[in-house]
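Let's take a walk through this model, pocket and packing together. Have a look at the structure first, and then we'll go piece by piece.

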Amino acid sequence: MRQLIPRLLALFKARSIVGQKTRRLRPPAKGAKSLRRSLPPPPIFFGRSRSILLDEVNPIMHPKAYRQHKSLPPQVRLPDSQKTRTISRDGTVEDDVRREMTSEERVWWANPYLRMLSTPIRRCAQSSRYLPSDFLVRFSVKRLPSPRTSSKRQTYTLVPDGLQHPKFKGLDSRRGHYIVCRRSAMKEFNKRGYYHRLLSATVQLPSSLPDYVGHLLRLRILQELELLAERLQARPGEAEESQLLRRLTWREFSAIRAGKPLQDQDAVAILVVPPLNRDPTTKKQPAPNTSPLPEPPLEQPTSFKRDVLPLSTMCHALSPEDYQGFPDVITPMKVPLYNGVALFPSRTQRAALHERLCKLLMIERRARRRQHDRMSTIDVDDSQPTACRLKGAASPAFLLRSGAETVLRADSVPLAIALWRLRMWESDNWEHGQGTWATVL
């Protein structure tokens with residue numbers, strides 16, 4: 001050891017890296033891979049003196065050379081490192097350069113319903129209809145642990161798969177089965193025994209499966225809120241011009257309940273989530289719950305003194321005068337209004353929903369304060385008394401917006417899609433084999 005240490009010190013001194021260029025920890029960003037390339041000229045089949053097979057490149061012997069590929073899709077915001085070069089599969093630089101979306105393309109991208117219609121087409125296992133995957137619920141078959149008996153018969157069950165965000169949980173199985181996103185359709189699926197056709201072995205369908213699907217759909221909303229908060233923190237600029245989430249004043253909320261239009265063409269959803277009261281027994285507010293495991297059923301169901309509001313209603317976003325001069329086939333734009341108590345019956349999940357919405361408001365408020373060095377007078381705390389419901393004060397209604405300018409800051413469309421999927425799942429009046437595919441949506 002005494003002889004080794006001096007040798008190591010001499011070796012380190014000889015190989016000193018002082019004054020040399022160190023390697024960067026993060027390599028430079030590479031351009032996107034493009035399959036698009038220039039095609040050879042179209043072949044001529046008539047008036048030839050020799051066979052087309054003798055050409056150096058011909059569509060019979062080299063069909064891949066004439067295969068067309070799409071250009072790279074546009075992005076909402078493109079880094080400067082990807083605006084000048086694009087690397088193809090073989091490593092050469094091509095002319096197919098990524099581009100940013102135009103203002104019209106951003107309007108299409110900010111529409112949650114167009115985004116849902118553009119998802120991959122899948123086949124419903126019950127109705128045998130082909131629908132976009134966002135209008136379906138994905139299930140996978142999972143084998144149950146075999147009991148400690150002499151029977152060698154394996155038992156399988158259906159479990160929801162792919163309902164959570166991929167950041168939190170991936171797919172359990174590569175093979176999936178799709179059912180239309182309706183709770184009543186799931187009951188029909190169990191009643192008619194469609195699931196026996198999925199496997200030759202015994203497939204069990206637990207009675208708590210529809211409730212578990214609803215729990216995961218609500219969990220997806222909480223996950224999208226968390227991811228939206230991270231995206232807003234990464235890009236806090238332009239908060240005053242393009243707000244993603246804000247509270248409606250009591251004047252605006254009263255006008256919506258009276259049937260008046262909202263007068264906001266970027267509105268995609270309204271969530272009415274009042275703060276939760278303290279538990280009368282423990283005198284504490286419920287703790288937020290974001291666990292993927294379903295909650296145990298309550299021994300005593302919650303009773304309401306008033307009539308329970310519907311889960312969602314539609315309100316007008318613009319007045320009918322704004323549609324003058326348009327064809328009659330264009331229906332007036334409507335915005336779904338979600339009631340938090342009916343949307344999240346569980347108090348712990350509703351507490352998590354209210355907590356994440358308030359966190360988003362705080363991020364927006366801080367961004368506006370950095371921009372104008374002031375606090376907004378509309379977004380107030382929940383600690384103010386209920387009697388202080390001034391017309392300019394904040395109401396428990398949260399307005400979610402998505403437009404051509406808001407997508408430059410953060411994408412709120414996944415949250416609007418998650419809310420709409422829960423609305424579809426909890427809707428009733430689904431009938432088998434009647435109407436068109438749009439009736440199940």
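The lining of the second largest pocket has 12 nonpolar, 5 polar and 9 charged residues. Here Ala, Val, Leu, Ile, Met, Phe, Trp, Tyr, Cys and Pro count as nonpolar, Asp, Glu, Lys and Arg as charged, and the others, Gly among them, as polar. Keep in mind that this is a predicted model, where local features need pLDDT of at least 70, side-chain atom pairs count only at pLDDT 80 or more, and totals for chains, interfaces and linings use all residues. Residues are numbered from 1 along each chain as its sequence is written, and side-chain values use heavy atoms, with hydrogens and water left out.

The volume of this pocket is about 620 Å³. Of its 26 lining residues, Ser133, Asp134, Gly162, Arg220 and Arg421 sit closest to the centre. (A pocket is an open set of points on a 1 Å grid over the protein atoms alone, where a 1.4 Å probe fits, with protein on both sides within 12 Å along at least five of seven lines; lining residues have an atom within 4 Å of a point. The volume is the space filled by probe spheres set on the points, which are joined across faces, edges and corners.)

Which elements supply at least two residues each of that lining? They are strand S6 (136–143), H5 and H9, and H9 gives the most, with 5 residues. Helices (H or I, at least four residues) and strands (E, at least two) are DSSP runs, numbered from the N terminus.

Now see how H5 (residues 209–234) packs on H9 (residues 413–426): the angle is about 165° and the axes are 9 Å apart. Axes are lines fitted to C-alpha atoms, for helices over the stretch in contact, and angles run from 0 to 180 degrees between N-to-C directions. Arg220 of H5 and Arg421 of H9 are among the residues making the contact (heavy atoms within 4.5 Å).

H5 also meets helix H8 (residues 347–372), with axes that come within 10 Å and cross at roughly 15°. H5 and H8 are therefore roughly parallel.

Notes. Angles under 35 degrees count as roughly parallel, over 145 as roughly antiparallel, 65 to 115 as roughly perpendicular and the rest as oblique.
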